[in-house]
Each structure stands twice: as C-alpha cells, then as structure tokens.
Amino acid sequence: MHTLAGAYALNALEEEGLRRFEEHLAYCESCAQEVRGLTETAALLGTAAARRPPQDLRRRVLDEVSRTRQLAPAPVPLAIPRRWWQKGMGLGLAASLLLAVVLGGVAANQYRELSEMRQNEREVALVLAAPDARTTSAQPAEGVSVSVVTSHSRGRLVFSAEGLDRLDDEDYQLWLARPGGSVRSAGILAVDSDGSARPLVATGADEAEGVAMTVEPEGGSPQPTTAPMMEMPLEG
Amino acid sequence: MKEEPLAHHVDTPEPAIAESPRLAELLRQVARGDERAFEQVYDRVIPSVYGLVRKILRDPAQSEEVAQEVLVEVWRSACRYDEHRGSPQAWVLTLAHRRAVDRVRSEQASSKRAARVAAAEVTTPYDEVAEEATGRLEQERVRRCLETLTELQSQSVRLAYYGGYSYREVARLLSSPLGTIKTRMRDGLVRLRDCLGVEW
C-alpha cells in the first residue's frame, strides 16, 4: 500500500485503487505525511508548466464568479485519526480528550460560541495529531486528573482536566512556567457541569518547562495570586 | 472589509516561501466572499493552472474551459482550504490536475484518447517543459532536478503528471511491470522532493 504514495500524489490511481489508498491514508500517519510532501513536489511540477493564459479568460472567470454561490464551510471533522492510538498514547486518555471535544461540540448551541469552539477543536486536533505529540498526565488530587499534550513542532500544548469542582465567582487559570522562574498565563479553563475542563490550547509550548493551575478571581489575574493547586513539569 | 489599493498589487515574483502565507491569507478573504481578493488569487495562480491544464489537455479551447472551471471551484470552495494540510499552491494545482485528468479520462473510449496514447508513444512528450513560463527560476530548478532522476523515474513521473496517464497506462506505455512503475513514481518523486528542498 505504502508504495502507492507516489502514484497517489501524481493523481495516477484509478477509482478502485484510489478509494483503497485513501482508506489506508486515514490510518497511516507516515503515509499521510509522505503524501503531503509528494503532493507539494508534484505541485512544483505544475508551477514549472506555467504559461501565459488567454487574455479574456480573466473577465469570463470573474463574471462567472460574481454569479456563483460559495460553499458553506465543511462541518468540522470530529472523526479522530486512528494514529493517536498507534502513537502509544494511552487509549483512555485519547478517548477522554475525544469525548471532551465531542461533548464540547454538542453542548454549544449558540452560533458564535460554536464557531469559536470549532477553531479550538481544530487546534486541539492539530496538536494531538502532531507526530511529536507527547503526553504528560497526573492526578493532583483525589478524583482530579489532568493531562497535557505538547507538540514542539506545532509550538502548542493542549491542557485538559477532569473532576474539577465548579467555582462560583472564581476561575481556574492555567500558567506556563518558563526557564528563569517566570510564569505566563495560558488562559482560563472553561469547566463544564460534569467538572471537565474543555481542552485549552496554549502557545509557547517550546519554552514551557511546566504547567501550573491556580484559582483566581473571576476573569483571571495577570500573575498568580494563590498557591497552585497543581504543578506539573513537562518532559522536554 | 479591508480593501487593498491596486497600487499595492505585487507582480514581482517573491520567493516561494514568503509568498505562501500571503496567498493563504487571500484565500481566507475569498472564503468570506471577497471578490477583490479573488482577483488577486486569480492573478497569482492562473499561469500555473492554465499551463498545467494545457499541458495535460493540449487543446487550447478545452484547456481554457477547464482552467475556468478550476478557478470557479477555487472561489466556491475557498473555505475548504486548510493551510495545515498543504500550501495554497498545492491545493489549487491539485484541483487543476484532477479536473484536467477527469476530462482526459472521460474521453477514455473515444478515438481521441487512442490518438493521444499513440502520439505519446511515437513522439517524445517527456521533455516538453513550458516555454512561456512566468516563474522561470522555478522552472529551471524543476528542470535541473528532473535531470537527476533515472530515465524510468523521470518518464513515469512526467507521463503521469504532465500526460495525465494512470499508473496502469504508464506501465503499458513504458512496457514495464505495474509494481516497477508504482515504485519508480514514488522514488522518483521522493528524489525530486529532496532535490527541490520541499518541506512538508
């Protein structure tokens, strides 16, 4: 199967082979990676074929475009690439992250919130699917579990937590600890009624040495004002 | 909505790396229905789209038709472009290649198709690279890298990509076993990728 990556990138597979290879791609991260590179390469062959287009083509295209409706954005694919399982990430953890993502998608019914969440889901999926994704998890307290998936290539980490108490006029705030002892806010956790925090994506993963969580006045603080309820070093 | 003054229009070729985020940004604007942004996308991609389609179809009138379909498709589905999965150029050219090849393959049974195959056998369609290219540097780079391929790698890649032939057809044209052609397409592209320094 793997050897078909070249033919696929050159668009040289016929129906049956194409269908089978695409099925295979969904399970095979290394194939998908290779296909991306080979597709970019094939596109350069296309660029090299560049030639001056006919003069009136531009006008005709613009005419047609002004009469053509655009497609609505595709629904966010919540289907999870199986490769997470194969990456050696614990099934339980991956499943719980998936569940968090799915529940997040279902719970929101306000449009604006939904579109923000879609963006978030996409970012979460990108980090989780990164080839260099690393997982660190801990149980900082009875019934509380937290996990961090870090990807240096994406420069991001995804934090998720379960078993948190809902707070009334306070918020859980996540912090990234940086070399030299400084900390930077990574944002406030949105905790659902079941005590699970929606996955939070934070940038600056490359320089984070650890994460910490504190309880802060509603809306968060510029710097932590209470002792962390959880601190966790991240594996380099 | 922000409108860019026309004078801002960039027509000097930028290095491909600096160029791609800009095209991606334009596509985002197109996805929001911005026709001005689309005009800029058009100007950026049309030479490659038309050139590639024309190379595959050869017939100027048909090529124009298909190039138009491709650009309208870019407009319609701009919101489906995902920059984490590839460059905007590759996305557009993949659309273009598929459209052109669909057109070619729908002629499968017709005599035209037979003539194409015959022509490919007699003449050498292998070493025709576009003459009126806009991106001459890129073209030169690709040409040099193609030269580092073995004959069979190069022919397999060119017949598939520029000729629009399926790998079965390529195997038949080159009188080689299917497995060999599959492998040559892959290791040929891999060698090209490394030679061109593609990072994806």
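Modeller: Let me start with one link: the bond between Cys28(A) and Cys31(A) is right-handed, with 70 degrees about the S-S bond. This is a predicted model, in which local features need pLDDT of at least 70 and side-chain atom pairs count only at pLDDT 80 or more, while totals for chains, interfaces and linings use all residues. Residues are numbered from 1 along each chain as its sequence is written, chains are lettered from A and ligands numbered from 1 in the order in which they are written, and side-chain values use heavy atoms, with hydrogens and water left out.

Biologist: Is Cys31(A) buried or exposed?

Modeller: Cys31(A) is buried, at a relative accessible area of 1%, and Cys28(A) is buried too, at 12%. Buried means under 20% relative accessible area, exposed means over 50%, and partly exposed lies in between (1.4 Å probe, protein chains only).

Biologist: And which cysteine does Cys145(B) pair with?

Modeller: Cys145(B) forms a disulfide with Cys195(B), their sulfur atoms being 2.0 Å apart, and this link is left-handed, with -80 degrees about the S-S bond. The pair links distant parts of the chain, 50 residues apart, with Cys145(B) in helix 6 (residues 136-146) of chain B and Cys195(B) in helix 9 (residues 178-196) of chain B. Helices here are DSSP runs (H or I, at least four residues), numbered from the N terminus.

Biologist: What about accessibility for Cys195(B)?

Modeller: Cys195(B) is partly exposed, at 35% relative accessible area, whereas Cys145(B) is buried at 4%.

Technical notes. Disulfide = S-S within 2.5 Å. Helix = DSSP H or I, 4+ residues; strand = E, 2+ residues; numbered from the N terminus.
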